[in-house]
Amino acid sequence: AQGLDGMLALSAELAGYRHGKFALDHASVTARGRRASHELSIAADGPGLDARADLAGGWEEKSGWSGSLRRLENRGRYPLALLAPARLTLAPGRFALNEAALKFAGASIEIHELSRQGGRLFSRGELRGLPLDQFAALAFKPGTAETNLTLGGTWSVAAADRVDGSIELWREQGDVAMLTAPRTPLGLKQLLLRVTALDSHLNGRLEVAGTTLGNLAADGAST
């Protein structure tokens, strides 16, 4: 017998899954190799979802699973693609994803670290070229504005029984136009949003400058 490191072969499928508003038409998982060295492939299809993931690594009793995320993509409503393999570790009560470079909705995203250990969740990264028009419905009522604004940003956030860290978003290029009569571009030259958290107390600052808006600065804090 080959024992715990014998050959591994797995193939599982799911069809027609529904839970509330979430639905999967089809999902599958396949694995091949050995316990210490194997490959896994995951696929999921549903409304707005056409996702694939490939992983390669191995399991050790003391350290858990470690290896690489070789492929991660979604061809559905929000296109996502992993640009290069990223380090991934998984074990009971903890996980870590390091140096993952992604394309998401036209933006470049670098996840330097995404981890959980001992009830503490931590993430650090940066983004470039995020097109606001992909998320315009979240910022404007339909038919009230149009935009070609792109955003850059950084984040470093830790969350456990309290939240600490910071998030910054800024204008890289582009503008917002209000669909009034006549059409009114804001003439944005600067847009900066900074949010910091210390012991779950939030502080925020918004700075906006434009030919139509003039200069605007606003501060806020949670109590």
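1. An open sheet of three strands is arranged in the order 11-14-15, with antiparallel pairing. Strand 11 (145-147) and strand 15 (184-185) are at the edges with a single partner strand each, so one side of each has no neighbour in the sheet. Strands here are DSSP runs (E, at least two residues), numbered from the N terminus, and two of them pair if DSSP finds at least two bridges between them.

2. Before you read on: this is a predicted model, where local features need pLDDT of at least 70, side-chain atom pairs count only at pLDDT 80 or more, and totals for chains, interfaces and linings use all residues. Residues are numbered from 1 along each chain as its sequence is written, and side-chain values use heavy atoms, leaving out hydrogens and water.

3. Strand 14 (residues 176-178) is joined to strand 15 by two bridges, and the two run antiparallel. Alanine 177 stands opposite proline 185 in strand 15.

4. Glutamate 99, in strand 8 (residues 94-104), has a positive phi near 50°. Alanine 105 also has phi near 50° and lies in the loop between strand 8 and strand 9 (107-117). Most residues other than glycine have a negative phi, and most peptide bonds are trans.

5. How accessible are these two? Glutamate 99 is partly exposed because its relative accessibility is 39%, while alanine 105, at 5%, counts as buried (buried: under 20% relative accessible area; exposed: over 50%; partly exposed: in between; 1.4 Å probe, protein chains only).

Conventions:
Helices (H or I, at least four residues) and strands (E, at least two) are DSSP runs, numbered from the N terminus.
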